[in-house]
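Student: I'd like to go through this protein with you and ask how we know what we say about it. Can we start with the picture?

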Amino acid sequence: MLLDEDPATLIHHTIGNFNIHPDRVAIGRINESLSTLQQARDLRIREAENTLRKLSRNLQTLATQHNETVSAYSSTDHASQIVELDTQKFRVAKAASDLEIEGERLEQELEGLKVRLKELEMQGVEGDHATQAKRELEDPTILKLKLYRSLGIEADPDSAGAYNKATIRNTQKGDVHVVNIDPKFSKFFYANYFWQTL
């Protein structure tokens with residue numbers, strides 16, 4: 001025999017000298033990675049198949065719509081629609097032109113009104129002197145109010161425009177009296193009261 005020891009013993013000692021644990025761990029990691037990659041690949045394949053099915057349905061729907069549109073197309077209808085749209089286009093263009101002319105006219109009118117407003121603002125609330133004098137001559141109420149004011153009596157209108165309150169100022173005495181005018185008292189009573197206060 002060539003070997004001094006039993007071959008089985010030699011093989012057993014040789015196996016003991018090999019350290020296969022790191023290799024087994026590495027092979028386990030490789031198997032896990034392969035399994036993870038296979039799962040990810042299967043998931044991507046499923047997603048791609050779902051997307052493909054959706055796209056196929058969309059393609060089928062669009063093809064059906066296209067076929068319906070092509071079958072419904074009529075060249076004579078198309079021509080009449082073009083003529084109708086051209087007519088509408090010209091109507092719209094004419095309306096736009098008319099509106100532009102009207103806009104320019106309104107702008108000119110607005111400018112005129114602005115000038116008139118500026119003139120009226122310069123004249124004030126009661127108008128220019130000529131208009132004021134004419135109105136004072138024609139309106140007896142204004143004449144009465146002017147007379148009262150010159151005597152130191154100011155008639156105060158309420159929210160309805162009725163004169164139911166008077167303020168009497170006596171500059172010589174330095175007095176101010178506010179009188180509420182009640183219709184149950186006579187005009188004679190108020191005239192005497194005003195003269196006594198003045």
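Student: What makes the nonpolar surface patch here?

Tutor: Leu 147, Tyr 148, Leu 151 and Trp 195 make that patch, and its area is about 430 Å². To be in a patch, a residue needs over 30% relative accessible area, and nonpolar side chains are joined within 5 Å. Helix 5, residues 140-151, gives the most to the nonpolar patch, with three residues. Leu 147 lies in that helix.

Student: Before we go on, how confident is the predictor in the protein on average?

Tutor: Good thing to ask, as this is a predicted model. The average pLDDT is 82, and 87% of the residues score at least 70. Confidence is highest in helix 2 (residues 21-72), at 93, and lowest in helix 4 (residues 129-138), at a mean of 63.

Student: What makes Glu 102 and Arg 105 a salt bridge?

Tutor: The cut-off is 4 Å between a side-chain nitrogen of Lys or Arg and a carboxyl oxygen of Asp or Glu. For Glu 102 and Arg 105 the N to O distance is 2.6 Å, so the pair passes that test. By this rule the count comes to five salt bridges.

Student: And why are Glu 102 and Arg 105 separated by about one helical turn?

Tutor: Because they are three residues apart in helix 3, which covers residues 75-123.

Student: Now the strands. How do you know that strand 1 and strand 2 pair?

Tutor: Pairing takes at least two bridges. Five bridges join strand 1 to strand 2, so they count as paired. Those two run antiparallel. One example is Asp 156, whose bridge partner in strand 2 is Lys 165. Pro 157, too, stands opposite Tyr 163 in strand 2.

Student: What about strand 2 and strand 3: how many bridges do they have?

Tutor: Six, again in the antiparallel sense, with strand 2 being residues 163-170. Thr 167 stands opposite Val 178 in strand 3, and Ile 168 stands opposite His 177. Lys 165 has a partner in strand 3 as well, namely Asn 180.

Student: Why are strand 1 and strand 3 called edge strands?

Tutor: The three strands form an open sheet in the order 1-2-3, with antiparallel pairing. Strand 1 (153-157) and strand 3 (175-180) each pair on one side only, and that puts them at the edges. From one strand to the next, the twist averages 20°.

Student: What sits between the strands in the two hairpins?

Tutor: Between strand 1 and strand 2 there are five residues, and Gly 161 in that turn has a positive phi of about 95°. Between strand 2 and strand 3 there are four residues, and here Gly 174 in the turn has a positive phi of about 75°.

Student: Which helix lies across the strands?

Tutor: That's helix 6, residues 187-197. Helix 6 lies across strand 1, strand 2 and strand 3, and runs at about 170° to strand 3.

How values were computed:
Residues are numbered from 1 along each chain as its sequence is written. This is a predicted model: local features need pLDDT of at least 70, side-chain atom pairs count only at pLDDT 80 or more; totals for chains, interfaces and linings use all residues. Side-chain values use heavy atoms; hydrogens and water are left out. Patches are made of residues with over 30% relative accessible area and no salt bridge: like charges are joined within 9 Å, nonpolar side chains (Val, Leu, Ile, Met, Phe, Trp, Tyr) within 5 Å. Accessible areas come from the Shrake-Rupley method with a 1.4 Å probe; for residues, only the protein chains shown count as cover. Axes are lines fitted to C-alpha atoms, for helices over the stretch in contact, and angles run from 0 to 180 degrees between N-to-C directions. Contact means heavy atoms within 4.5 Å. pLDDT is the predictor's confidence in each residue, from 0 to 100.
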